[in-house]
Amino acid sequence: MFKIITSALALSVVLSQSAFAQDAPATTPSNTLSSKTKIKGKILAPDKSEIIGAIVQCGNKSVATDENGNFQLFVDNLPATLKVSYLGYANKEIVVENSDLITFELEEQSKTLSEVAIQGFANSNTEARRRAESLQETPESVTSFTKDEIKAKGITDLVSFAPYVPNINFTTSQNAGTNFMIVRGIPQIRNGESPVAVVIDGVTVQDPNIMNRELYDISLIELVKGPQGALYGKNAIGGALNIITESPSNIQKYRVDMGYSTGNMYRLGLMGSGAVIQDKLFYRVSGSFKRGDGVFKNETLNMAPDFMQDFSIRGQLKYVFNDKWTATATAQYFRTQAGAVYYAHAKAGGQTYPSAFPGFPGSPIMKPNDFSGVIDSDVLGKSELKNAFTTLKIVGNLNKVRFQSVSSYSNSQIAYSGDLDFQKIAFFKQQQNNVNEIYNQEFRLMSQNPNARFTWSIGTFFQSLNKSLVLDALIINPTTSSYDKASNFGFPPNNLSATDFTNTYNTLALFGFSDFKVTEKFTVSAGLRYDYDMITQQNRLLNTKPKTNNSQLQPKLSLSYKFMPEFMLYANYGLGYRSGGFNQEKSAVYDAFYKAETSNNFELGFKTSAFKNRLIFNAAAFYIDLSNQQQYAASFGSKGLIIGNYNYDKSTSMGFEADLKFRAMKYLDILGSFGFTEAKIVTGGKTGTTDRTSFEGNYIPFVPRYTYNAGLQSTIPISKKVSLTGLVSYTSRGMIAWHDDNADFNSSYGLVDVKLGITTKTFDFGVFGNNILNQKYYTEWFAAAASGSSAGDIGWYGLPRILGANASFKF
């Protein structure tokens, strides 16, 4: 390990020295090279607030504004014509005569559409590679939405974001905090790590339980696919989800959001921002509250089992020391209380499986495409998810180097209880508690000039992660009619709990990434990250403390070639890494330790635009070779019911995806995306006493064969201050294998959503309908043998038709 770290540090020094040399002023005349003529400026919205991610372009050079709305661009000579674009605003040109600090104020697009024939789409920005740049010039498969697109599409969480991203499926089930994201054939597993890194305002959030938080006061949300370990670290094996919140600013502004929808769901959102000390200290406070009775019915309890209440608040303080240094502190807290474990099962009187116990009826059969199942458990499931999250981000300029320090702390707690037999009979009950505590520290150095021929970043990262899991099984006491620990009745013997342990991960990492422009058209990007994980477990049931170490190099290489300004071809290779961990114990299904998962990823794609940006079409094909792919299963150990993870020795995933935007008419956009994935088990291997060689050639569970979305979107200005908006979209998910034996598949299904609204400078109002055709579908399904329930096959229903209205006031 010492040799690797020493080599990495030496490489970092070489990179930094090369970068300093690259950034050094050239000795050629000032009218020949960009290093002599630097233009600095700021991009503002009409309300004087800074715009993050606006694209500033001069000839073949471009740059995106930073988190303060600032930019710097090196040009060949002066005067120079700069073009500024940002989605939702009219493109603007200005001739710069000197290098003095300049300020652009953009005009909202709705005020200018009547003055032109048909405008193309504004250049979208992305921070997929940890810096702001044009999406069309980034050699990655990225889906990115700004705050205007977020509002137009009604994105409030990851469930509503995922339909617009090809080869992505995101669902929830069981309880608040149980989420499943599948990316290009790589699934998320219960009590394991997500296949994507989640990054909020530059801070990695290593907790999949809090992924589906309420998205409010958001400036940008995007997902970049393919392994991103070189840039984001471990567990970015399938990609990275990047969320940027709105920043504090000088401008005093406030907003109130309200909404109401099916299930007596109402919500309230508040935001306030401004200066505590003008030009020095800024604040931003935002919060949301929503509460609903639910939309399903428990037939036994005669009430909705899917009730929910969510409260969230976030506060930010930003201090500007001078024109080179800033510090931003953020604190956030949210609490979700919701129903839990309301799985549906077949109605009584139908077909049953053969009984395993003489004298007892067999469990009922309900196939994945049978939507007649009932929710009738005798226990009202309840769950609670709480999270406290704090960060401190310090950014500064050290001559020609940009320095960044990010410190963060997160503590999340999940507790749920509910039925374990899922029926109206009083028999089994379950309860589970999870606690995740995470501390992160990252230091990063970056080159200052984004237009230099060679740009770079290097850094180091430390993380301490504690993950506790406690699972109890309870059984009805026939004497008191109350639920007692199952151990009191011999299930399991000699202990009060089936699962009780804490896994601790201490991670050290070094990383570097660089871009080298071989020519004006050809760019080579390369990155390398080394992660060293020290993993220990405190097993409170077995009274053991096993420990192990994992280490992994994660290289990344990207080649891109711009055949013309509107067409770029790129090829990527990357190695992905998802850390392993300890199960409660060895069982028939899995071993005491599940291995780290790695992947070799190959991607070929292109990005193109035409007709003055009225048409944007991006596509990519990929092949992924996975080793030790992780999966989840329930089993029985020495103490009773346990849950854990196991590995396939080898598996593969291949497919393609495409995104389309076409401005067909002045006020009509055609939107579409399509993704196809074929993910299969190559070598099943053996874990515990289970031999999975019979599953070789089968589809990997939970992965949709295809995803697609098609939509029509329109914004019609009826005056300089008022616009009408509309969106109709159709989303489809293909066949899914629910288990690795491939005995049960769902059928494809499609959902239709509609949104209509009116927007003014100070007031927005809209109505929406999600799943307006009331399509029935399952987001999760278990065969009887997998669930271990006397209820037989069980499924988790997706949401039915939801109708509602939203209003927003800005002042």
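A residue is called buried here when its relative accessible area is under 20%, exposed when it is over 50%, and partly exposed in between, with a 1.4 Å probe and protein chains only. The structure is a predicted model, in which local features need pLDDT of at least 70 and side-chain atom pairs count only at pLDDT 80 or more, while totals for chains, interfaces and linings use all residues. Residues are numbered from 1 along each chain as its sequence is written, and side-chain values use heavy atoms, with hydrogens and water left out.

Of the 811 residues of the protein, 58% are buried. The protein has 5 helices and 47 strands; these are DSSP runs numbered from the N terminus, with helices (H or I) of at least four residues and strands (E) of at least two. The accessible surface is about 32300 Å², and carbon and sulfur atoms hold 60% of it. Such areas come from the Shrake-Rupley method with a 1.4 Å probe, and for residues only the protein chains shown count as cover. A contact means heavy atoms within 4.5 Å. Among contacts in the protein with a separation of 6 or more, 66% are between residues 24 or more positions apart.

Q316 belongs to strand β21, residues 308-320. Q316 counts as buried because its relative accessibility is 6%. Its C-alpha atom is separated by 4.5 Å from that of T330, a residue 14 positions away along the chain. Beyond the neighbours within four places in sequence, Q316 contacts D201, T245, E246, P248, F282, Y283, R284, A329 and T330. With T245 there is also a side-chain to side-chain polar contact of 3.4 Å. A polar contact is a pair of N or O atoms within 3.5 Å; within protein, one must be able to donate a hydrogen and the other to accept it, and residues adjacent in sequence count only if both atoms are side-chain atoms.

Rolling a probe the size of a water molecule over the atoms shows where empty space is left. A cavity is a set of points, on a 1 Å grid over the protein atoms alone, where a 1.4 Å probe fits but cannot get out; lining residues have an atom within 4 Å of a point. Grid points are joined across faces, edges and corners, and a volume is the space filled by probe spheres set on the points.

The structure holds 14 cavities of 30 Å³ or more.

Of its 15 lining residues, I200, R213, T245, R314 and Q332 lie nearest the centre. Strands β17 (239-245), β22 (325-339) and β24 (382-398) are the elements that each give two or more residues to this lining. By class, the lining has 7 nonpolar, 4 polar and 4 charged residues.

Q432 is in strand β26, residues 428-447, and is buried because its relative accessibility is 6%. Its side chain makes a polar contact of 2.9 Å with the side chain of N434.

Note on methods: On a 1 Å grid over the protein atoms alone, a cavity is a set of points where a 1.4 Å probe fits but cannot get out, and a pocket is an open set with protein on both sides within 12 Å along at least five of seven lines; lining residues have an atom within 4 Å of a point. Ala, Val, Leu, Ile, Met, Phe, Trp, Tyr, Cys and Pro count as nonpolar, Asp, Glu, Lys and Arg as charged, and the others, Gly among them, as polar.
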